[in-house]
Amino acid sequence: MYTIKKAEFMLCAAWPSQWPDESLPEFLLAGRSNVGKSSFINTITDVNGLAKVSATPGKTRTLNFFNVNDELRLVDVPGYGYAKVPDRIQQQFGEMFETYCTERKNFKAMCLLVDYRHPPKDDDITMYEYAKYYHIPVIVVATKEDKLKRNDLVKNEKRIKEVLGFDENDHFIRFSSLNKKGVDEVWNTILKLCD
C-alpha cells in the first residue's frame, strides 16, 4: 500500500513556460467533464477538497499540477465533451495538450477515466487513440463501480474494452470513490510506471 504523507495543489498553468521543472514523474488525468476526476484525485490522495469539484463542467482550461509525496505529480487536464467552450479556446487548449504529450520528458502515462456504467463516448475513444498514436501507456480507470450490479461488472468491462479497442498491454482498473475500490491498484500501477 502506498502511503500518502503529502499531497498538495502546486499550480495551474496555461503555457509550457509556467510548467514545473521535469524532475518528477508525471501522470496525466483525462476524462469527460462529469466522469468524477476531482473525486478520483481526492480519493487516491486521501485529501478531501484537494481538487475542487467545479459547479460548471468544462470550466477549467489549464493544466493543474498536484505534488504527491515530493515523489511524483498528477496533472489534471480539463474535462472534455462539454459543448459551451468556444472553439478558439478549445483549439488553444488542444495545442497546449499536444505540446505536453509530445515534449514533456517526465510524462509517464495517461489515466483515462471512463464511466463504468456506459460505453465510452467518441471523445473517450479519440483520447485513447491519441495516446496509442504517441505510444503513451494508458491506465483506463472505470469510475462509479459502486453503481453497477455485480453481474454487470464483467459485461461492462468487456464492452468498454471493445469500444476503445483496448490494448492488453495497458491497464484497466475498476474504481469507486464511494468505497475506495481500486485505490491501491491505481497506486501500484502508477509506481510501476515510474520506473
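Predicted model: local features only at pLDDT ≥ 70, side-chain atom pairs only at ≥ 80, totals over all residues.
Residues are numbered from 1 along each chain as its sequence is written. Local features need pLDDT of at least 70 and side-chain atom pairs count only at pLDDT 80 or more, whereas totals for chains, interfaces and linings use all residues; side-chain values use heavy atoms, without hydrogens and water.

In soluble globular proteins, nonpolar side chains tend to be buried together. A nonpolar core is here a set of buried Ala, Val, Leu, Ile, Met, Phe, Trp, Tyr and Cys residues joined through side-chain atoms within 4.5 Å; buried means under 20% relative accessible area, exposed over 50%, and partly exposed in between (1.4 Å probe, protein chains only). The largest nonpolar core holds 34 residues, of which Leu28, Leu63, Phe97, Tyr100, Cys101, Leu112 and Val140 touch the most other members. Among the elements that give two or more residues to this core are strand E2 (26-31), helix H2 (87-103) and strand E5 (107-115); helices (H or I, at least four residues) and strands (E, at least two) are DSSP runs, numbered from the N terminus. Leaving aside residues up to four places away in sequence, Leu28 is in contact (heavy atoms within 4.5 Å) with residues including Val75, Phe97, Tyr100 and Cys101. A second, separate core comprises 27 residues, including Tyr2, Phe27, Leu29 and Phe175.

The structure contains 17 salt bridges, each defined as a side-chain nitrogen of Lys or Arg within 4 Å of a carboxyl oxygen of Asp or Glu. In one of them, Asp70 pairs with Lys6, and the closest N and O atoms are 3.0 Å apart. This pair links distant parts of the chain, 64 residues apart: the loop between E3 and E4, and the segment before strand E1 (7-13). Asp70 is partly exposed at 44% relative accessibility, and Lys6 is partly exposed at 31%. A salt bridge also joins Lys144 to Asp115, with 3.9 Å between the closest N and O atoms. Because Lys144 lies in the loop between E6 and H4 and Asp115 in strand E5, the pair ties together parts that are 29 residues apart in sequence. Asp115 is buried, at 15% relative accessible area.

Asn69 lies in the loop between strand E3 (63-68) and strand E4 (72-76) and is buried, with 12% relative accessibility. Lys180 is located in the loop between strand E7 (171-174) and helix H5 (183-194) and is partly exposed, at 47%.
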